[in-house]
Amino acid sequence: MKVSVDRAVCYGSAECAHRAPSVFAFEDGYGVVVPGREDAGDDPSVREAAERCPSQAVVLTE
């Protein structure tokens, strides 16, 4: 499963980077997926980050 961050709705809470620091980073005031970690959507911490993102900016796709 793929993971991405929709920067159009992200408001920079850094919740994703806090919950899954090996997959997300905080850059220029926004959450981003660490290069090479786009396929980490099956990781439980990534799923939790998506569920708890206050702006619903973390997107999981098949």
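**Cysteines, a helix and a strand**

A: The sulfur of cysteine 16 lies 6.3 Å from the closest cysteine sulfur, that of cysteine 10, which is too far for a bond. The model is predicted, so local features need pLDDT of at least 70 and side-chain atom pairs count only at pLDDT 80 or more, while totals for chains, interfaces and linings use all residues. Residues are numbered from 1 along each chain as its sequence is written, and side-chain values use heavy atoms, without hydrogens and water.

For cysteine 53, the closest cysteine sulfur is also in cysteine 10, at 6.4 Å, again too far for a bond. A search of the whole structure finds 0 disulfides, a disulfide being a pair of cysteine sulfur atoms within 2.5 Å. Cysteine 16 is buried, at 9% relative accessible area, and cysteine 53 is buried at 8%. Buried means under 20% relative accessible area, exposed over 50% and partly exposed in between, with a 1.4 Å probe and protein chains only.

Helix α2 spans residues 44-52, and its buried residues are Val46, Ala49 and Ala50. Seen down the axis of α2, they fall within an arc of 100 degrees, so they line one face of the helix. The arc is taken from the directions from the helix axis to the C-beta atoms. Pro44, Glu51 and Arg52 are exposed on the face turned away from the buried side. Helices (H or I, at least four residues) and strands (E, at least two) are DSSP runs, numbered from the N terminus.

Among what covers the buried residues of α2 is strand β4 (58-61). Threonine 61 is in β4 and touches Met1 and Lys2, not counting residues up to four places away in sequence; contact means heavy atoms within 4.5 Å.
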